[in-house]
Structure formats: C-alpha cells, structure tokens
Amino acid sequence: MAEYEACILGLKMAIDMDIHELLVIGDSDSLIHQVQGEWAVKNPKITPYMQYIQKLSKRFRKIEFKYTPRTQNELADALATIASMIKHPDTSYIDPWDIEVKEQPVHYSHVEAEPDGLPWYFDIKKYLETGTYPENATFNQKKSIRRMALNFFTSREILYRRTPDLGLLRCVDAREAAKLLEQIHAGVYGTHMNGLTLARKIL
C-alpha cells in the first residue's frame, strides 16, 4: 500500500504546486503497469487507491508514468534512507529540502580534519604506552582518559578498540579514514550487506 499512498501524495503535491506536465518515475512495476492499464487490479484493497490516482492524473495537462528498476532508482533510495534516519515533527507539513549532487561520496567528503594535526586517539595511545597525560590536563580530563583507555590496547604501534561483542576496531586518523572511505565507495572491498547497513558500519 505504501507505494500507492506515496504516489497519491506526490500527485497532490504537484497539483498544489500548479504543475501541468509531470513525469512519475517509480520502482513498483505493479503500480506503474496498473496505472497505464497494462495490468489488471486483482486486489480489491488496491482498487480505491488506483481510482484516486487516475482521478488525480486527470488534473494534469500531460502526465507520464515510467518504471525504473530499484537498482537504478538511486535518488529515491537515498531519500528513503534519509527519511528512515530522521524523526520528523508531528505536523502535516514538512519544509522542502534543497538537494545538492556531490562530486564525491558524501561520507568521504565529510571526514573531519584534525585541527591540531594529531589523531583523535593520540592522548589515549600515549597514556597506554607511557602512562602520561597531556600537559595542563585537568583532574576530570585525566579521569576520562583512564576510563576510555580501558577499552583500547596497542599492538605493533596500532591502536585497537574492543567492542561489546569482543570485536576489534582499528583506530585510524582523518587521512587514513578518507582513504578507506574512498576505497569502500569505489568498491575495492567486497560487502555482504545493504547500503544502509554499510553506511552505519562505516560511521
């Protein structure tokens, strides 16, 4: 039902924006073919949705429905991913978003630089190796470093963080993180998970 409701919502938004010619691109083959009259509507629960879509379609001077496989509908998948990660306010109106197409993967372009030139884990690694703290560190800062260091250990100059499931995460600086993300998005490393799961793992 969701794809039919989404189509209705999109048509109503286009009507409100006084759009007269519209191209509807969807990855639901049943919806697109049913609207075009190529497939019959066998589910009686779908009939009211289809009738309403056809009624709204008559409000346009020209309207075309085009089927696109989900693998080629990257923009819609990206918007759906964003929508699933954001809690919208309980209102009937949502402000429109300006979408900018990046020339490079979005996660890669958002790797934060380290202002002092030192990796984010420098103080933790130094404490593990020498037992010393940063100069002018306060009592609470020293306490925080000791507490965080409990979940880290070094091996051959590489710092690792233990996870609750006993996994190990290698600590990297901004330069190495940018390189790894670029390689991941380029497909250098194989994966057995979908895009959203991979993005969360990367973060």
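This passage describes the fold, the confidence and selected local contacts of a predicted protein model.

Residues are numbered from 1 along each chain as its sequence is written, and side-chain values use heavy atoms, with hydrogens and water left out. Because the model is predicted, local features need pLDDT of at least 70 and side-chain atom pairs count only at pLDDT 80 or more, whereas totals for chains, interfaces and linings use all residues.

The mean pLDDT (the predictor's confidence in each residue, from 0 to 100) is 81 for the protein. A value of 70 or more is reached by 75% of the residues. Among the elements, helix 3 (residues 47–57) has the highest mean pLDDT, 93. The lowest, 52, belongs to helix 5 (residues 106–109). Where pLDDT is low, the predicted coordinates should not be read in detail.

The protein has 9 helices and 5 strands. These elements are DSSP runs numbered from the N terminus: helices are H or I with at least four residues, and strands are E with at least two. From the N terminus on, their order is α-β-α-α-β-α-α-α-α-β-β-β-α-α. The chain has 203 residues, of which 19% count as buried. Buried means under 20% relative accessible area, exposed means over 50%, and partly exposed lies in between (1.4 Å probe, protein chains only). Contact means heavy atoms within 4.5 Å. Of the contacts with a separation of 6 or more, 58% join residues 24 or more positions apart.

Two packed helices are described by the angle between their axes and the distance between the axes. Axes here are lines fitted to C-alpha atoms, for helices over the stretch in contact, and angles run from 0 to 180 degrees between N-to-C directions. Helix 6 (residues 122–130) and helix 7 (residues 139–149) have axes that come within 10 Å and cross at roughly 75°. Helix 6 is therefore roughly perpendicular to helix 7. Angles of 65 to 115 degrees count as roughly perpendicular, under 35 as roughly parallel, over 145 as roughly antiparallel, and the rest as oblique. Helix 6 contributes Asp123, Ile124, Tyr127 and Leu128 to the contact. Helix 7 contributes Ile145, Arg146, Met148 and Ala149. By class, the contact has 6 nonpolar, no polar and 2 charged residues. Nonpolar covers Ala, Val, Leu, Ile, Met, Phe, Trp, Tyr, Cys and Pro; charged covers Asp, Glu, Lys and Arg; the others, Gly among them, are polar. The loop between helix 6 and helix 7 holds Asn136. Asn136 is exposed, with a relative accessible area of 77%. Its phi is near 65°, a positive value in a residue other than glycine.

Helix 2 (residues 29–35) contains His33 and Leu31. Leu31 is buried, at 3% relative accessible area. Leaving aside neighbours within four places in sequence, Leu31 is in contact with Glu3, Tyr4, Cys7 and Met50. Leu31 and Cys7 are 24 residues apart along the chain, and their C-alpha atoms are separated by 9.0 Å. Cys7 is also buried, at 10%. His33 is buried too, with a relative accessible area of 18%. Under the exclusion of neighbours within four places in sequence, His33 is in contact with Glu38 and Trp39.

Cys171 is buried, with a relative accessible area of 7%. Beyond four places in sequence, Cys171 is in contact with Trp120, Tyr121, Phe152, Leu159, Tyr160 and Arg161. Leu159 is 12 residues from Cys171 along the chain, with a C-alpha separation of 5.6 Å. A search of the whole structure finds 0 disulfides (pairs of cysteine sulfur atoms within 2.5 Å).

Arg170 is placed in strand 5. Arg170 is partly exposed, with a relative accessible area of 48%. Not counting residues up to four places away in sequence, Arg170 touches Ile158, Leu159, Tyr160 and Glu176. Arg170 and Phe152 are 18 residues apart in sequence and 9.7 Å apart in space, C-alpha to C-alpha. The loop between strand 3 (152–155) and strand 4 (158–162) holds Glu157. Glu157 is exposed, at 60% relative accessible area. Its phi is positive, about 70°, although Glu157 is not a glycine.
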